[in-house]
Amino acid sequence: MTYNELVTAVQDYCENTFPTTDMDTFIRQAEQRIYNTVQIANLRKNVTGTLNAGNKYLSCPDDFLSAYSLAIYPAAGGDFLFLLNKDVNFMREAYPNQTTQGKPKHYAIFGPTVNGSTITNELSFMLGPTPDASYMAELHYYYYPESIVTAGSTWLGDNFDSALLYGTMCEAITYMKGEQDMVKLYQDRYVQAIALLKNLGDGKQRADAYRDGQVRVQVS
C-alpha cells in the first residue's frame, strides 16, 4: 500500500475528505504508535565512528532513539568488545577521574550535545574509562524509518498495510469524533493487526527453525 492508496482507503472508509495536513498527521501518529509497539527488524540501523584518546564522549547519530548495542575494536583491526550499558550515576561513581584512561568497558546515554554555549537536541554517549587510544565504534540503534508521507512507500506499507491502515483509521475516527461503536471497531481491528505484526517482529524475525524448531499449534 502506497501513500496515495492509504489516503484513498482512509477517506473511502470514513466517507470523508480530510485536509492533507490532517491526513499526514493521522499517518505519522499511526506509524509512531506501531514503531513503539513492535520491534520489527527495519527499525534497526548500524553506523561506525571513531573514539579519540582522551575524549570520553561520543556523539549519537541525529536520528538516534535508543541503543541496541555499542561495540569497539582497535583502529588497526582486531576483536570486537561489546560495551555494557549503564547509567550516568554508575559512570561517575566507577570512573570519577576522567583523566584516568583505559580501554572502555561501559557506556551511558549522557544527554544533549553541548557545543560551546549551544545545547542541541541530539544525545551523546559517555564512555568509561576514558579511551586510552583511538578505537573504532560500531553502534546498532533504534530509529524511526522515513514516513510513508514523504517516502511514498515503506516496508510497513508494502508488507503489513493492515496495521498502518487501521492505525490511521483510529486517528481519523477520533478526529471526526465518531460514534463509540465505530471507534471500538477500528481499535479492535488495529489490535488484531498489531498482534499479527508482533508475531512477525517479536517472534519470527528473532528465531529460525534450526535453532527454535518450527512453529507448532497444539492439536486437541
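Modeller: Let us begin with Lys184 and Asp188, which form a salt bridge. This is a predicted model, in which local features need pLDDT of at least 70 and side-chain atom pairs count only at pLDDT 80 or more, while totals for chains, interfaces and linings use all residues. Residues are numbered from 1 along each chain as its sequence is written, and side-chain values use heavy atoms, with hydrogens and water left out.

Biologist: How far apart are Lys184 and Asp188 within helix α7?

Modeller: They are four residues apart, and therefore separated by about one helical turn. Helices here are DSSP runs of H or I with at least four residues, strands are runs of E with at least two, and both are numbered from the N terminus.

Biologist: Why is Lys184 called exposed, and which class does Asp188 receive?

Modeller: Buried means under 20% relative accessible area, exposed means over 50%, and partly exposed lies in between, with a 1.4 Å probe and protein chains only. Lys184 has 52% and therefore counts as exposed, whereas Asp188, at 31%, is partly exposed.

Biologist: How many salt bridges does the rule give?

Modeller: The count comes to three. One of them joins Arg33 and Glu171, with an N to O distance of 3.0 Å. This pair links distant parts of the chain, since Arg33 sits in helix α2 and Glu171 in helix α6, 138 residues apart. Arg33 has 30% relative accessibility, so it is partly exposed.

Biologist: What makes strand β10 largely enclosed by the rest of the structure?

Modeller: Six of the eight residues of β10 (residues 135-142) are buried, and the description follows from that.

Biologist: How do you know which strands pair with β10?

Modeller: Two strands pair if DSSP finds at least two bridges between them. Strand β1 (residues 44-51) and β10 share eight bridges in the antiparallel sense, among them the one from Gly49 to Ala137. Strand β3 (residues 66-74) is also joined to β10 by eight bridges and runs antiparallel to it; here Pro74 has Tyr135 as a bridge partner.

Biologist: Why is α1 described by its particular orientation relative to α2?

Modeller: Axes are lines fitted to C-alpha atoms, for helices over the stretch in contact, and angles run from 0 to 180 degrees between N-to-C directions. The axes of α1 (residues 3-14) and α2 (residues 20-35) come within 11 Å and cross at roughly 100 degrees. That makes α1 roughly perpendicular to α2, given that angles under 35 degrees count as roughly parallel, over 145 as roughly antiparallel, 65 to 115 as roughly perpendicular and the rest as oblique.

Biologist: Which residues make the contact between α1 and α2?

Modeller: Tyr3, Leu6, Val7, Val10 and Gln11 contribute from α1, and Thr20, Met23, Asp24 and Ile27 from α2, where contact means heavy atoms within 4.5 Å.

Biologist: Is Gln11 buried or exposed?

Modeller: Gln11 is buried, because its relative accessibility is 18%. Leaving aside residues up to four places away in sequence, Gln11 touches Asn16, Thr17, Phe18 and Met23.

Biologist: What is noted about phi of Glu15?

Modeller: Phi of Glu15 is near 55 degrees, a positive value in a residue other than glycine. Glu15 lies in the loop between α1 and α2 and, at 73% relative accessible area, is exposed.

Biologist: Which form does the peptide bond from Gly128 to Pro129 take?

Modeller: That bond is cis, with omega near -5 degrees. Pro129 is located in the loop between β8 (118-128) and β9 (130-131).

Note on methods:
Salt bridge = Lys/Arg side-chain N within 4 Å of Asp/Glu carboxyl O.
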